[in-house]
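Here's a short tour of a protein model, written for someone who is just getting started. Have a look at the sequence and the 3D view before reading on.

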Amino acid sequence: MVLNTDLKEIMMDHALRTISYIADIGDLVVLMARRRFVPHDMEEAPKINRTPKMICHVFESEEAQFIAQSIGQAFQVAYMEFLKANGIEDHSFVKEMDYQEVLNSQEIFGDELQMFAKKEMQKEVVVPKAKGEILGVVIVESGWGSMLPTVVIANLAPSGAAARCGQLNIGDQIIAINGVSLVGLPLSTCQNYIKNTKTQTVVKLTVVPCAPVVEVKIKRPDTKYQLGFSVQNGVICSLLRGGIAERGGVRVGHRIIEINNQSVVAVPHEKIVNLLATSVGEILMKTMPTSMFRLLTGQETPVYI
């Protein structure tokens, strides 16, 4: 809860479990949370697969870093309570210096800033097409937590212009279109840029070839050190900024495919949570954007643009 002491008003009130992302940037605190869905009638109540709405709060404060750290500590307390509730031994709180040592030992896995900054990693793709023809792609967000947030090709129309050029693949990240950078832009804005190429006969894309599956590597010496992310039905729904999970490559909005070389696609939620909570040492995961997963498994019909 955030209170305005001058106006004596509640500016924000969210349950801890609804918070998906917290970050401090200079004097700014950025917080993203899932809005609670309140059904208007009983017929809407059973619709469990409803896509949650997100709300973003931006606050300015000289104590931005302290506020973000406090919320992070709240996550740690909640995690310790989870361990107790599940009978996992060693309930002692982690000293800040101990966790810092664990954090320092966690390498930044798949450093996107370094990888994407190299010109040799980028590829310029020229897509010829008929005037009035769509590009023929489905794009999704790369995932919150990405150090270089952009959009990913999730599907290609079999006979579309993008597929015909033979140089694009599912998983490729688009960082620019016709010289305009897409890095950090909302998904809807990126989609509009692509839709606006319909009248053109040539489209130039700057892409970084990537596999559809993202590999994650987290190092945790003991269960008393929180991983720093939460999962709901196999989907990563929140991430602690600056934690070992973020440094290891975890992205909010991704579907977990494997944990330590074991497929968890058809594994119940409780078993996935227990597997993560009890894993120590080097934890290897494979993930992909949830929308891409649903498209590739036939759970959603692609809408090409």
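What follows is a short report on a few spots in this structure, which is a predicted model.

T287 belongs to strand β17, residues 281-289. T287 has a relative accessible area of 1%, so it counts as buried. What does the side chain of T287 pair up with? It makes a polar contact of 2.9 Å with the side chain of H254. If you skip the neighbours within four places in sequence, T287 is also in contact with a list of residues including P212, V213, V214, V216 and I236. H254, R255, I256 and I257 are on that list of T287 contacts too.

Next, a loop. N260 lies between β15 (254-259) and β16 (262-263), and N261 is in the loop between β15 and β16 as well. N260 has a positive phi despite not being a glycine, and N261, also a residue other than glycine, has a positive phi too.

Here are the phi values:

| Residue | Phi |
|---|---|
| N260 | about 50 degrees |
| N261 | near 65 degrees |

How exposed are they? N260 is partly exposed, at 33% relative accessibility, while N261 is exposed, with a relative accessible area of 64%.

Definitions and conventions: Residues numbered from 1 in each chain as written. Predicted model: local features only at pLDDT ≥ 70, side-chain atom pairs only at ≥ 80, totals over all residues. Heavy atoms only, no water. Helix = DSSP H or I, 4+ residues; strand = E, 2+ residues; numbered from the N terminus. Buried < 20%, exposed > 50% of the residue type's maximum accessible area, 1.4 Å probe, protein only. Polar contact = N/O pair within 3.5 Å; in protein donor to acceptor, adjacent residues only side chain to side chain. Contact = heavy atoms within 4.5 Å.
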